[in-house]
Amino acid sequence: VISSFISLICVRLLEDVCEHAEEITDYAYAINDFFGKFYNLDITISDLAEYLGLSEKQTTRLVKKHTDKTFVENLLDARMHTADYLCQNTDMPMAQIAKYVGYNSYGGFFKAREKYNSLKEPTK
């Protein structure tokens, strides 16, 4: 009787763990997918919340939990990774790259680039 009870507890425990792991993976994938698809648009946390079907507060917590970054930091990362790739692999002028990755002006892109580079630098 005890071994049956222990088996039942183990099965339920594994089911709970698997269910929770799928949820985490699905949100992590959906968040990364969103930034990969829409980084070049004027997006906000409310757009991501709608995409996930959650409130803005829930979405803010999930983004931080699954990426260790804020919404703005994730957006900046996605834009700058694409900009880096384009700089290295194309002959596109910087102003055109800025527009391609979602900035309306080169000045806005330049400021974002400086912020991105300062976040990447190790602290002393």
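Author: Let's start with Lys 37 and Asp 33, whose side chains meet in a salt bridge, with 3.1 Å from N to O. A salt bridge here is a side-chain nitrogen of Lys or Arg within 4 Å of a carboxyl oxygen of Asp or Glu. Both Lys 37 and Asp 33 belong to helix H1 (residues 2-38), where they sit 4 residues apart, about one turn of the helix. Helices (H or I, at least four residues) and strands (E, at least two) are DSSP runs, numbered from the N terminus. Lys 37 is partly exposed at 47% relative accessibility, whereas Asp 33 counts as buried at 17%. Buried means under 20% relative accessible area, exposed means over 50%, and partly exposed lies in between, using a 1.4 Å probe and protein chains only.

Please keep in mind that this is a predicted model: local features need pLDDT of at least 70, side-chain atom pairs count only at pLDDT 80 or more, and totals for chains, interfaces and linings use all residues. Residues are numbered from 1 along each chain as its sequence is written, and side-chain values use heavy atoms, leaving out hydrogens and water.

The whole structure holds 3 salt bridges, so let's visit the others, since the cut-off of 4 Å between nitrogen and oxygen applies to them too. Lys 69 and Asp 77 bring their side chains together at 2.2 Å, N to O. Lys 69 is partly exposed, with a relative accessible area of 30%, while Asp 77 is buried, at 16%.

Another salt bridge joins the side chains of Arg 113 and Asp 84, at 2.3 Å from N to O. This pair links distant parts of the chain: Arg 113 is in helix H6 (residues 106-120) and Asp 84 in helix H4 (residues 71-89), 29 residues apart. Arg 113 counts as buried, with 18% relative accessibility, and Asp 84 is buried with a relative accessible area of 18%.

As for the setting, the protein chain has 6 helices and 0 strands. Of its 124 residues, 29% are buried. Among contacts (heavy atoms within 4.5 Å) between residues at least 6 apart in sequence, 47% join residues at least 24 apart.
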